[in-house]
Amino acid sequence: MGGGRLRAQRAALVAAGVVALLVLLALAAPLLTAIEGQDPTTYHPSLIDSARGGVPVGSFGGVSGDHWLGVEPQTGRDLFARLVYGARVSLGVALGATVVQVLVGVVVGVAAALGNRWIDQLLSRITDIFVAMPLMIMSLALLAIVPSSFPRPLLVALVIGLIAWGNTAKIVRAQTLTLKGLDYVSAARLSGWNTWRIARRELLPGLAAPVITYAALLVPMNISAEAALSFLGVGVKPPTPSWGQMLTAANVWYQAAPQYLLLPAGALLVTVLALTVLGDGVRTALDPRAASRLRVGTGRKREAKADADSKKAATDVDSRKAAKDVDSEKAATDADSKKGTADASAKKEAKA
């Protein structure tokens, strides 16, 4: 049912195609770079002009058959290879952080809703503290003190996930409190089921739709957070490529080598936009009562036409009902008239 509503949204389908293409590029990064014959870490000093400060030799940043998108200034590393390998890091960190946020948020939210008053108050106050924490400041502090030997992409995903789970927990708690008052949950409790079994068999299936919807919207937010942390120098460390790290290195080359800045910035823009549109489509498909906030193209015209048709149908029904009422009243009046005439005739005959 939800899949049919999702397929009916053109914007969501296009966004899903873009996301699938980006994921495919990230997964196929080793194959694509092998076809190109390059890798993301090899320096090519012969491809940069040291007399001009390290600007790539050739037009469009050194674009050629060997380097499809050109090379980096100063280093000569292949931009295409770093871009597709950077997609692996950015998407992987965002998905990992989203999984951590969802797991912690669901556990804390369900425990708060099903626990007694003291447990609910304690977990709710802890959740409020994490919601109030500034993500960037806390991440900067934690990432700065962890030894560099720890895998950086995994660390960034854990830090983002373990700090930003508060809103997920609030949503899960509110939804669980709503589900807890329904008849089938009360019947399960009266049947003698324990709290864990009720949560697993009755509550978690009902929480799937809102959790999936919110998770789809968390992924683009986490991609932006990872890019910001890498841009600030505490995210993924060189030589591992990352889109945020590429933006950090490109901030002084926007005039001499604009493609060095535009490529990772464009990739981030397209990814975040596609994931946001897809998340909105998932939200609308799983909750048909909520209208989409992204009505693109002919979708708005179809909805306006559908509204007009509905209003016209309602008007036709009212008109037919009014006509039927008039006919009924006329028939009742005619019946009364005939009855009165019959009564008068009967009285006249009786008198005669």
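The legends below describe close-up views of a predicted model.

**View 1. Glutamate 72 and its two arginine partners.**
Glu72, Arg77 and Arg82 are joined in a network of salt bridges. In one of the bridges, the side chains of glutamate 72 and arginine 77 meet with N to O at 2.9 Å. In another, arginine 82 pairs with glutamate 72, and the closest N and O atoms are 3.0 Å apart. This second pair links distant parts of the chain, with arginine 82 in helix α4 (residues 79–114) and glutamate 72 in the loop between β2 (55–56) and α4, ten residues apart. Buried means under 20% relative accessible area. Glutamate 72 has 1% relative accessibility and therefore counts as buried. Arginine 77, at 10%, also counts as buried. Arginine 82 is buried, as is glutamate 72. The count of salt bridges in the model comes to five.

Aspartate 128 has a relative accessible area of 27%, so it is partly exposed. Lysine 170 is partly exposed too, with a relative accessible area of 39%.

**View 2. The largest nonpolar core.**
The largest nonpolar core has 27 residues, and those with the most contacts inside it are Ile223, Trp243, Tyr260 and Leu268. Elements that give two or more residues to this core are α2 (10–27), α4, α10 (195–231), α11 (243–250) and α12 (258–286). Helix α12 gives the largest share, eight residues. Leaving aside neighbours within four places in sequence, isoleucine 223 is in contact with Ser90, Leu91, Ala94, Leu268, Thr271, Val272 and Leu275. Another core lies apart from this one; it has 14 residues, among them Leu143, Val156, Ala157 and Val159.

**View 3. Threonine 213 in helix α10.**
Threonine 213 has its place in helix α10. The relative accessible area of threonine 213 is 10%, so this residue is buried. Its contacts, leaving aside neighbours within four places in sequence, are Val282, Arg283 and Leu286.

**View 4. A nonpolar patch on the surface.**
Phe150, Leu154, Leu158 and Leu162 form a nonpolar patch on the surface. Together these residues have about 320 Å² of accessible area. Leucine 154, one of the four, is found in helix α7 (residues 152–163). At 44% relative accessibility, leucine 154 counts as partly exposed.

**View 5. Aspartate 66 and its contacts.**
Aspartate 66 lies in the loop between β2 and α4. Not counting residues up to four places away in sequence, aspartate 66 touches Glu36, Gln38 and Asp78. Aspartate 66 and aspartate 78 are twelve residues apart in sequence, and their C-alpha atoms are 9.0 Å apart in space.

Definitions and conventions
Residues are numbered from 1 along each chain as its sequence is written. This is a predicted model: local features need pLDDT of at least 70, side-chain atom pairs count only at pLDDT 80 or more; totals for chains, interfaces and linings use all residues. Side-chain values use heavy atoms; hydrogens and water are left out. Patches are made of residues with over 30% relative accessible area and no salt bridge: like charges are joined within 9 Å, nonpolar side chains (Val, Leu, Ile, Met, Phe, Trp, Tyr) within 5 Å. Accessible areas come from the Shrake-Rupley method with a 1.4 Å probe; for residues, only the protein chains shown count as cover. Helices (H or I, at least four residues) and strands (E, at least two) are DSSP runs, numbered from the N terminus. Buried means under 20% relative accessible area, exposed over 50%, partly exposed in between (1.4 Å probe, protein chains only). A nonpolar core is a set of buried Ala, Val, Leu, Ile, Met, Phe, Trp, Tyr and Cys residues joined through side-chain atoms within 4.5 Å. Contact means heavy atoms within 4.5 Å.
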